[in-house]
Amino acid sequence: MSRASVCVIFRQAVATRTNRFYSTQKTRKIPDKSRFIARSGTYPKGFKASGTHVGVKNGSQKLDLALLISTVPCTAAAVFTKNVFKAAPVQISKKILDKTSGEGVNGIIVNSGCANAVTGEGGMKDAWAMSSALDQAITGKQPESEETKSIVMSTGVIGQRLPIDKIIGGIPKAVEVSGDSHESWFAAAEAICTTDTFPKLMSTEFKVGENTYRIAGLAKGAGMIHPNMATLLGFFATDAPVAPDALREILKYAVDRSFNSISVDGDMSTNDTIAVLANGAAGGSLIKINGPGYETLKSEISKFSENLAQLIVRDGEGATKFVTILVQDAESFEDAKKVASTIATSSLVKTALYGEDANWGRITCAIGYSDIAVNPFKTSISFIPADGSEELKLLVNGEPESVDEERAGQILAHEELTIRVSLGTGGRKEARFWTCDLSHEYVTINGDYRS
């Protein structure tokens, strides 16, 4: 064969590969998520909320400034991203809580549209200014430099400075219009949204002894979501009286089993923050670590956090599936969670879920590289349908089952399912993790994010 012929064949081969269309014949409709929008609520005493437009989001009248204010100084706790490039509001809020020991906090201020992350000293000054301006609007007094008592959050594009004059100028009005109605809380939930398709707002009430308390909270996030806090912001409030150290312990426990047990795309944000405020406005005895009411409050906040965190996964960018990963018979909770996280963040698993392909070999692959003790000859995997019908066993004690592909397709066609994994270690510990599929729409959304 001549050199010229070889060159022609080579060019044809290159053209064949470079002209491929990377798309599937299967398309999935993104489910209607309007059923998750709160139409009413039961809100804690002594708190007011607002959502207003100040102009952070250019070219629109969308709400972009949210406030949550306590009518009396309250206790507070928060957990923050572990990303090395911590945004200015993360650093400032941590300093405020460290300095105050979580006592005497006035409220929370959040802007959307700009993350105020990787913005140098100027960004730090802007975050301090937001906290100071809210304190002044609430108390009528200008706080001393770096002596503020309001938590700050920001979300949006990284690497851009805030239009701080617009924000500071809009805070007095935001305080003035704040209220305790459902509409006020809902406006705050709307004001923190970026690529979210619906505002995430929840509320509930519970009893400790003879006292009735309430919890309400809001969150935002649809992409850049992965454990250890990820553009995930959330904050909630209760009118129960809680000691600062008890609130910190409860929040850490709850977040480990909720906001740190979700993943949309495996990316950890620079801004992630979850905060809780407690003002005691509903009365009752102070809840202390291991004291009366402590376990009840821990259980209630954990359940609330779990439900709020799940809304973020349900709203995952381009998501068509909501998937629970249940890992059982691990040697510890931490081991079970690590395996579940590895499965949940596997691109191959997530794309198979989108394609409704029961390719369970990808699940075993993820388990195998999780670096956790597993007995391959005792490991079992199954699909549990959301409709309550019989689970479909895929792998039992290391032996593959003869899988009914039609039945598997029916299960995977549902919006929700559970993947159950038993590691066979005899340790009997378990963990749950929540994730979604990975679709074409995710690429579209993030390819156009700044457009």
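Helices (H or I, at least four residues) and strands (E, at least two) are DSSP runs, numbered from the N terminus. The protein has 12 helices and 15 strands. This is a predicted model, in which local features need pLDDT of at least 70 and side-chain atom pairs count only at pLDDT 80 or more, while totals for chains, interfaces and linings use all residues. Residues are numbered from 1 along each chain as its sequence is written, and side-chain values use heavy atoms, with hydrogens and water left out.

**Burial and surface**

- Buried means under 20% relative accessible area, exposed means over 50%, and partly exposed is in between (1.4 Å probe, protein chains only).
- The protein has 451 residues, and 53% of them count as buried.
- Accessible areas come from the Shrake-Rupley method with a 1.4 Å probe; for residues, only the protein chains shown count as cover.

**Salt bridges**

- Side chains of opposite charge can pair when their charged atoms come close.
- A salt bridge here is a side-chain nitrogen of Lys or Arg within 4 Å of a carboxyl oxygen of Asp or Glu.
- The count by this rule is 15 salt bridges.
- Lys33, Asp196, Lys200 and Asp315 are linked in a network of these bridges.
- Lysine 200 counts as buried because its relative accessible area is 0%. Aspartate 315 is buried too, at 1% relative accessibility.
- Another salt bridge joins the side chains of lysine 321 and glutamate 356 (3.0 Å, N to O).
- Lysine 321 lies in the loop between helix 7 and strand 10 (322–330), and glutamate 356 in the loop between helix 9 (347–354) and helix 10 (361–368), so the pair ties together parts that are 35 residues apart in sequence.
- Lysine 321 is buried, at 4% relative accessibility.

**Surface patches**

- Patches are made of residues with over 30% relative accessible area and no salt bridge; like charges are joined within 9 Å, and nonpolar side chains (Val, Leu, Ile, Met, Phe, Trp, Tyr) within 5 Å.
- Lys and Arg count as positive and Asp and Glu as negative, while His and the chain ends are not counted. The place of a charge is NZ of Lys, CZ of Arg, CG of Asp or CD of Glu.
- Asp357, Asp404, Glu405 and Glu406 form a negative patch.
- Glutamate 406 sits in helix 11 (residues 405–412). Glutamate 406 is exposed, with a relative accessible area of 61%.
- Val84, Phe85, Val118 and Ile158 make a nonpolar patch of about 420 Å².
- Phenylalanine 85 is in the loop between strand 2 (65–80) and helix 2 (88–100). Its relative accessibility is 53%, so phenylalanine 85 counts as exposed.

**Two residues and their contacts**

- Contact means heavy atoms within 4.5 Å.
- Glutamine 310 belongs to helix 7 (residues 294–314). Glutamine 310 is buried, at 12% relative accessibility.
- Not counting residues up to four places away in sequence, glutamine 310 touches Phe322 and Trp434.
- Valine 396 is part of strand 12 (residues 392–396). Valine 396 counts as partly exposed, at 27% relative accessibility.
- Neighbours within four places in sequence aside, valine 396 contacts Thr379, Ser380 and Glu401.
- Valine 396 and lysine 378 are 18 residues apart along the chain, and their C-alpha atoms are separated by 7.4 Å.
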